[in-house]
Structure formats: structure tokens, C-alpha cells
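Student: I am new to this structure. Can we go through the terms and what lies behind them?
Tutor: Gladly. Here it is.

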Amino acid sequence: MDPLSRCDGSILLNHEGSERKFDVSKTLRGFKVIDDIKAEIEKKCPKTVSCADILTAAARDATVLAGGPYWMVPYGRKDGLVSLAKEAQLVPMGHEDITSLVEFAGLGHSFRERAHTIGRASCGSIQDRLFNYGGTHGKPDPSLNAQYLNYLKRKCRWSSDYVDLDATTPRTFDVEYYSNLPKKMGLLSTDEKLYTDPRTAPLVNALANQPSLFFYQFGVSMAKLGNVQCLLGHEGEIRTNCNFVNSKY
Ligand code: HEM
């Protein structure tokens, strides 16, 4: 069982000790958008559409708006009643090796068709690559493109700063992220390893050269992820406010 992939809106619960309140979740954004959508829907159709369904549809629609693929989202998920901070700890942080990512992928996540074509990472995630690679005291990761390294050093003055995951087209859902990897312009060390590890390099080449393959695979993975460990039927509830379970609201 993979607690990470629970499609029950547990990440939206906003109480002490919830996944959302945990340290690794502090860079998550967009909660207000979900709250606004929920408020609109509640006005027109009270207690009918779960927060888990809204979140799943919003992820798809945001992808389409950024230029990415469309996939079918079946509805009817219920919202969970529990959210535990320690489950957020299981999310990979970008330092893992390919073996652990393959194991992670085995849990139902696609590590190859990741969406690092958009979005950003906190500089804290790459601080060691820039300034202290493998305990070298001041030396950067030699596998980083020199120009890109200089750019990142300028961007990342503080670990709380942010930097784009896709160095060239950060606002467009495209295959540039994959084309950048052979140029040594992968931001996270897990991005870079995707190309330097012989097990995953052929995939990078295939995805970089065939946007339609990336779009198709991404849609398939997302549709699959959106259906992992859903609560259906009498399990769970339909929250009135995505931040709280109904009994406490
Ligand atoms: C399993 C391999 C993966 C690893 C190691 C990984 C790692 C990371 C890390 C470290 C960040 C930056 C977080 C931060 O500093 O705040 C990040 C951001 C992001 N990841 Fe992944 N990720 C993986 C898979 C995926 C997958 C499968 C998707 C898409 C379904 C994805 C989509 C994203 C997006 C969109 C962002 C940017 C979020 C933002 O702008 O705040 N990642 N990832």
C-alpha cells in the first residue's frame, strides 16, 4: 500500500500534524485556487463534489492550460478523514539514486514522466550541488554545465530562493526538460541521474525526441495516479470546506 498516492484530498487538510503542515510541504502552493473552486461549486451544488475530485480535475486542467496533454478524469472520489504529517516524509526529495526511484516508481508513481517541465524547486534542494558536492567544501557538482552553474549560483543566494526546474521553457509543458538533461542542465541531482544512469538514459532520449510519446505517457501515468487508493461509496465524506473534515467544521 502506498500512503503517498491516496487520492482522498488529505493534503488539503489544514490542522496541526497534517501532511500540509509538515516541513517538506511548505513549498506547496495553490490551496486558495482549490478553496475558490470548492466555494463556487458548493454554491451551485452543495455537498456533491469532493475536494479529491476537484484536486484531480484541477491538476489535469492546469496541465492543459500550460500546453500539456488532456486525460480523462473519472469522478466520484470521497474525501478522507485523516492526514498524517509523517506520510509527506515519503516524497522523494531529489537526492535519491535511480534504484530507490525505481522502487518508488514501483509503488505506482512515474519517475520518468515527471512534470519537471514546469514549476520550481527551492534552492535548498540543490545547495549541495552548487556549493558542497559530496562534502567537497566549496566545490560544485562537476556534472553541472558551467554556464548553468553560474546562473544557478546567482539565482540561489539563499536556500529559501526558488529556481525553475526547466531551465529553458519553465512555463510551458513540453519536452525541453528532457532535451536539457544531455546538456548537463538538469536541476536536481535526480534529474541529472536520469540521463547519466544507463537504465534510464534511453528513455530520456526517446522522450526528448518524441513529444507525443511524453504527452501520451504522462497522461497515462496521471490517470493511473488519480485513481490510486481512492475512497468510494460509503467510505469517507464530501467535505464542505476542503481545509477541514465536516465534523470539525
Ligand atoms: C520520483 C521522482 C521525483 C523526484 C525525486 C522529484 C523531486 C522533486 C523536487 C525535489 C522538487 C522541488 C520541491 C521543492 O524544492 O519545493 C519537485 C518539484 C516538482 N515536481 Fe517532482 N519529483 C519526482 C517526480 C515527479 C512527478 C512524477 C511529477 C508529476 C507527476 C513531478 C512534478 C513536479 C512539479 C510540477 C514540481 C514543481 C512544484 C512547484 O512548482 O512548486 N515530480 N520534484
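Tutor: We start with the surface. This is a predicted model. The chain has an accessible surface of about 13,200 Å², and carbon and sulfur atoms hold 59% of that.

Student: What share of the chain counts as buried?
Tutor: The figure is 43% of the 249 residues.

Student: Why is Gln127 called partly exposed?
Tutor: Its relative accessible area is 24%. Buried means under 20% and exposed means over 50%. The value of 24% lies in between, so Gln127 is partly exposed.

Student: Where is Gln127 placed?
Tutor: In helix α5, which covers residues 127-131. The whole chain has 10 helices and 2 strands. Their order from the N terminus is α-α-α-α-β-α-α-β-α-α-α-α.

Student: Which residues does Gln127 contact, beyond its neighbours within four places in sequence?
Tutor: Asn132, Trp158 and Ser159. Contact means heavy atoms within 4.5 Å, so each of these meets that cut-off with Gln127. Ser159 is 32 residues from Gln127 along the chain, and their C-alpha atoms are 6.8 Å apart.

Student: What makes His116 a donor to the iron atom of the ligand?
Tutor: Its NE2 atom is 2.0 Å from the iron. A donor is an N, O or S atom within 2.8 Å of such a metal, so NE2 qualifies. His116 is the single donor from the protein.

Student: Where is His116?
Tutor: In the loop between α4 (98-106) and β1 (120-122).

How values were computed: Residues are numbered from 1 along each chain as its sequence is written. This is a predicted model: local features need pLDDT of at least 70, side-chain atom pairs count only at pLDDT 80 or more; totals for chains, interfaces and linings use all residues. Side-chain values use heavy atoms; hydrogens and water are left out. Donors are N, O and S atoms within 2.8 Å of the metal (3.2 Å for Na, K and Ca); water is not among the atoms, so sites may look incomplete. Helices (H or I, at least four residues) and strands (E, at least two) are DSSP runs, numbered from the N terminus. Buried means under 20% relative accessible area, exposed over 50%, partly exposed in between (1.4 Å probe, protein chains only). Accessible areas come from the Shrake-Rupley method with a 1.4 Å probe; for residues, only the protein chains shown count as cover.
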